[in-house]
Amino acid sequence: MSEKSRSKYGRSVTRRQLLAMVGKAAGGAAMYQAMSALGMSTPSPYAGPLKLEGARRDQKILVLGAGMAGLSAAFELRNAGYQVKVLDYNSRAGGRSWTIRGGDEFTELGGRKQVCGFDQGLYINPGPWRIPHHHYGMLDYAKRLGVPLEPFMMVNYSSYLHSTKAYGGKPQRYGAVQADFHGHVAELLGKVVQQRRLDEALTTEDQERLLEALKAWGALDNQYRYVAGKPSAERRGWAVPPGGGLMPAPQPSEPVAFDGLLSSHLWRYLMVSQEYSFQTAIFQPVGGMDQIAMAVYREVKDLVQLNSKVVKIDQSESGVTVSYVPSHGDGPAQQEQADWCVCTIPLSILSQIDIRVQQPMQDAIRAVPYAAAVKVGLQFRRRFWEQDEQIYGGISFTDMPIGMVSYPSTSYGSPGKGVLLGAYLFGAHAYEFTAMAPEDRVRTALEQGARIHPQYHDEFENGMAVGWHRVPWTNGCYGAWSEERRDKHYRNLCAIDGRIVLAGEHASLIPAWQEGAVLSSHDAITRLHRKIVAGAAPVKETA
Amino acid sequence: MKLPIAHAVRRAPGPRRPAAQALAVLLAIASSLAASAHAAEHLDGLEDPNHFVQRDGESIYHAICQGCHMPDGKGAQGAGHYPALAENPRVGAAPYILHNVIHGRYGMPAFGSALDDEQVAAVVSYVRSHFGNHFDKVSAAEAKSERASTD
């Protein structure tokens, strides 16, 4: 499309004017779609707030689960005009969109209870904790419901990269590691170019351009060397930084050697923030990740019944019957009737519930193992990472089992206490930490973290540790699909089975992310809505 | 900006070897980077963060199984449940337990790639002879044969 388009009034308009007109006339979603059509923004499966037109007001839809998938389903379906009810096992809404604050209690499977001792305003998000700029569904709920966001500091050049096996276990600054890695690679590739080893791949002109780029990218000197000097110091930092007046003359810092850097493996952490999911800008809700789920919950609170443990999901030609019991204590089974059901219960739980669906969906429900993950939050008397080490937000990575230390991306410079994410584990270490008692997870996170921050010893106050396989309402962190299982079962999982459709991160291609839950939910209820509107006549479902 | 490419070649074509070495190093870096992408995704730094180091059955049970089946083997009950391994006659069916450990079952992850045959046999034997269970040990050979069975 050319920069100027003809409007229907015959005037010539600029692209900006056109977008402004679209925005005014049809709202942000339409403008977004128009922008995509103009090639100005990344396309997304999210097409703006759902428009489920022509809902049948006599139809009742029962939503199981009050996490992001269930809450957004309830919100959209009621807005469309359906009768909606939501059941959730938990005593609070939000599911894995969860924030733990001072005074909160958490009793894990096995019965160990933790009472959070954090000061007011301090928290950890044991589940999701960041929202990339391209997670349109989540960001749109934040915007529509007025939830303020703040930048999540994904990359911090003054954070640490740490290996127990390199540099004597001394943490290295992220920015220095990156500068040295780029610099040495640039110098090496520069040599290759200068030795005419790339004549087959590039023209002489392009080789000259490449050399120019390498010099700039790698902070090389005029001889294309990566050595101590002003160019490298402007990347990795100074031994004596420039000051004012008669302060000491600046001294460049000394790059580390390439061979040691390669064998340290610290370079592997540089790639994390380059993944699409982690690229800046990336956000967190002010006050805790649960704020978006809570905002949706406020809109549908009257529909949600907590403390209800689903034990059976039945359906017939005429409707759905869900049996549930009180989540805690004794009580008779009760039944909830509806015309349709949107089930967002994690498959780790749903695979244990008696549900009447056809074999393909049954097989799909049972096909997905749940990943282990553990997070530990640690409260310290002061924000020593800011005060002593100039680390404001961001993540330090380590080869110790704790995996990382993440600093709060909020309230910088505040004089009081602070809470760190002191461990975020996956894989074998996550199982090992899950198998520990909560206080042992905290103690182990402290011992390991103190090798990066010795201040841990003096400043620690209290901690909270969540191992997701011990969380009573998920039995694991997220659906860990294999490619093979996904090929075989994913479409069967997502297809409408009679009067039942499933939704959640497990029914998405963005596992573990809230955006997956939201997009899955929107897709599921859109297809369900179409089926309902099409009427009583049997509708052939195409997933 | 005039760059010294042609000049460098005229003056000193240079031995092929250093350049070849440099290229080899760069290629090695590139392939390491590709290999590390998966590890980085999981944000951990161990050489093999997905393999357990414990060797004896009791240690493996304490490192893995008790996370869900609990230290006393009695399982747990929440929105769903973790089955008790204690005094569970199903533990007597060796192929069933081996299969679950190696290939997983429903939400339970597969540990076949995180444990070798000896480790699988050790932990299954431990469960079969503790928590009120009195069943025979299983061998690494049995674990190996169960590993070959399809999921």
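View 1. Strand 20 (residues 340–343) of chain A pairs with strand 27 of chain A in the parallel sense, over three bridges. Two strands count as paired if DSSP finds at least two bridges between them. Helices (H or I, at least four residues) and strands (E, at least two) are DSSP runs, numbered from the N terminus. A quick note before going on: this is a predicted model, where local features need pLDDT of at least 70 and side-chain atom pairs count only at pLDDT 80 or more, while totals for chains, interfaces and linings use all residues. Residues are numbered from 1 along each chain as its sequence is written, and chains are lettered from A and ligands numbered from 1 in the order in which they are written.

**View 2. Zooming out gives an open sheet of five strands in chain A.** The order is 16-4-3-20-27, with parallel pairing. Strand 16 (304–305) and strand 27 (500–502) of chain A are at the edges with a single partner strand each, so one side of each has no neighbour in the sheet. Helix 16 (residues 514–533) of chain A packs on the sheet and touches strand 20 and strand 27 of chain A. The direction of helix 16 makes about 170 degrees with that of strand 20 of chain A. Such angles run from 0 to 180 degrees between N-to-C directions, and axes are lines fitted to C-alpha atoms, for helices over the stretch in contact.

**View 3. Val342(A) and the largest nonpolar core.** This core has 178 residues, and those with the most contacts inside it are Leu71(A), Cys341(A), Val342(A), Val374(A) and Val123(B). Helix 4 (residues 174–194) of chain A gives the most to this core, with ten residues. A nonpolar core is a set of buried Ala, Val, Leu, Ile, Met, Phe, Trp, Tyr and Cys residues joined through C-beta atoms within 7 Å. Buried means that 20 or more other C-beta atoms lie within 10 Å of a residue's own; 12 or fewer makes it exposed, anything in between partly exposed, and the C-beta atoms are placed from the backbone. Leaving out residues up to four places away in sequence, Val342(A) touches a set of residues including Ile61(A), Val63(A), Val501(A) and Leu528(A). Residues are in contact if their C-beta atoms, placed from the backbone, lie within 7 Å.

**View 4. Strand 22 (residues 374–380) of chain A is largely enclosed.** Seven of its seven residues are buried. On one side are Val374(A), Val376(A), Leu378(A) and Phe380(A), and on the other Lys375(A), Gly377(A) and Gln379(A). Strand 22 of chain A pairs with strand 25 (residues 418–425) of chain A in the antiparallel sense over seven bridges, with Gly377(A) opposite Leu421(A). Seven bridges also join strand 22 of chain A to strand 26 (residues 460–467) of chain A, again antiparallel, and there Lys375(A) stands opposite Val466(A).

**View 5. Helix 4 of chain A packs against helix 5 (residues 204–218) of chain A.** Their angle is about 160 degrees and their axes are 8 Å apart. That makes helix 4 of chain A roughly antiparallel to helix 5 of chain A; the cut-offs are under 35 degrees for roughly parallel, over 145 for roughly antiparallel, 65 to 115 for roughly perpendicular, and oblique for the rest. Residues of helix 4 of chain A at the meeting place include His182(A), Ala186(A) and Leu189(A), and those of helix 5 of chain A include Leu210(A), Leu214(A) and Trp217(A).

**View 6. Pro132(A) and helix 3 (residues 136–144) of chain A.** Pro132(A) belongs to strand 9 (residues 131–132) of chain A and counts as buried, with 21 C-beta neighbours inside 10 Å. Setting aside neighbours within four places in sequence, Pro132(A) contacts Ser277(A), Gln279(A) and Ile282(A). In helix 3 of chain A, the buried residues include Tyr136(A), Met138(A) and Leu139(A). The buried residues of helix 3 pack against several elements of chain A, among them strand 9, strand 15 and helix 16. Just after helix 3 of chain A, Gly146(A) takes a positive phi of about 70 degrees.

**View 7. Met271(A) sits in a loop of chain A.** The loop runs between helix 7 (258–264) and strand 15 (282–285) of chain A. Met271(A) is partly exposed, with 16 other C-beta atoms within 10 Å.

Technical notes:
Contact = placed C-beta atoms within 7 Å.
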